Amino acid sequence: MHAPPDLGPNLPSSDHDATIAFYAPLGFEVGYRDDGWLILGRGELVLEFFHWPDVDPATSGFSCCLRLDDVDAFYAVCRAAGLPETTRGWPRIHPPRREDSGMRIGALIDPDGTLLRLVQNPAG
């Protein structure tokens with residue numbers, strides 16, 4: 001049995017142009033866009049956004065995991081794009097660290113307050 005193709009998480013976007021401008025320096029390209037929907041891709045990573053102009057970044061509870069073969073390289077791309085490493089505000093980035101589970105996980109918070117956990121894929 002084959003697994004279905006990966007589909008991107010459904011995340012809010014207050015403004016599709018701003019979402020594209022944020023994710024483009026991180027290597028994401030537009031795969032589809034209309035007034036209500038936006039799909040961005042970076043290699044095998046896919047993020048899907050629905051238009052929600054009233055999303056409040058301060059109270060947003062949206063999140064997803066990005067499973068990465070090299071979480072440190074993606075973190076470096078985020079820092080090179082100028083994302084601040086801080087504990088307040090948005091957007092921001094948190095460096096990958098080894099969790100109690102043994103997994104290396106970082107975090108990216110986008111301009112709409114969505115938490116993207118950056119999870120290192122296991123080796124092999």
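**Strand pairing and core packing in the predicted model**

Strands β6 (92-98) and β7 (104-109) pair in the antiparallel sense over five bridges; two strands count as paired if DSSP finds at least two bridges between them. Helices (H or I, at least four residues) and strands (E, at least two) are DSSP runs, numbered from the N terminus. The model is a predicted one, in which local features need pLDDT of at least 70 and side-chain atom pairs count only at pLDDT 80 or more, while totals for chains, interfaces and linings use all residues. Residues are numbered from 1 along each chain as its sequence is written, and side-chain values use heavy atoms, with hydrogens and water left out.

Five of the six residues of β7 are buried (under 20% relative accessible area, with exposed over 50% and partly exposed in between; 1.4 Å probe, protein chains only), so β7 is largely enclosed by the rest of the structure.

Helix α2 (residues 71-80) has Val-71, Phe-74, Tyr-75 and Cys-78 as its buried residues. Seen down the helix axis, these fall within an arc of 100°, so they line one face of α2; the arc is that of the directions from the helix axis to the C-beta atoms. The buried residues of α2 pack against β3, β5, β6, β7 and β8, contact meaning heavy atoms within 4.5 Å. Just after the helix, Gly-82 has a positive phi of about 95°.

Of its 23 residues, Tyr-23, Leu-26, Phe-28, Leu-47, Phe-74, Leu-108 and Leu-118 touch the most other members. At least two residues each come from α1, β3, β4, β5, α2 and β8, and α2 gives the most, with four. Leaving aside neighbours within four places in sequence, Phe-28 is in contact with Tyr-23, Leu-40, Gly-41, Arg-42, Leu-45, Leu-47 and Phe-74.

Methods: Core = buried A, V, L, I, M, F, W, Y, C linked by side-chain atoms within 4.5 Å.
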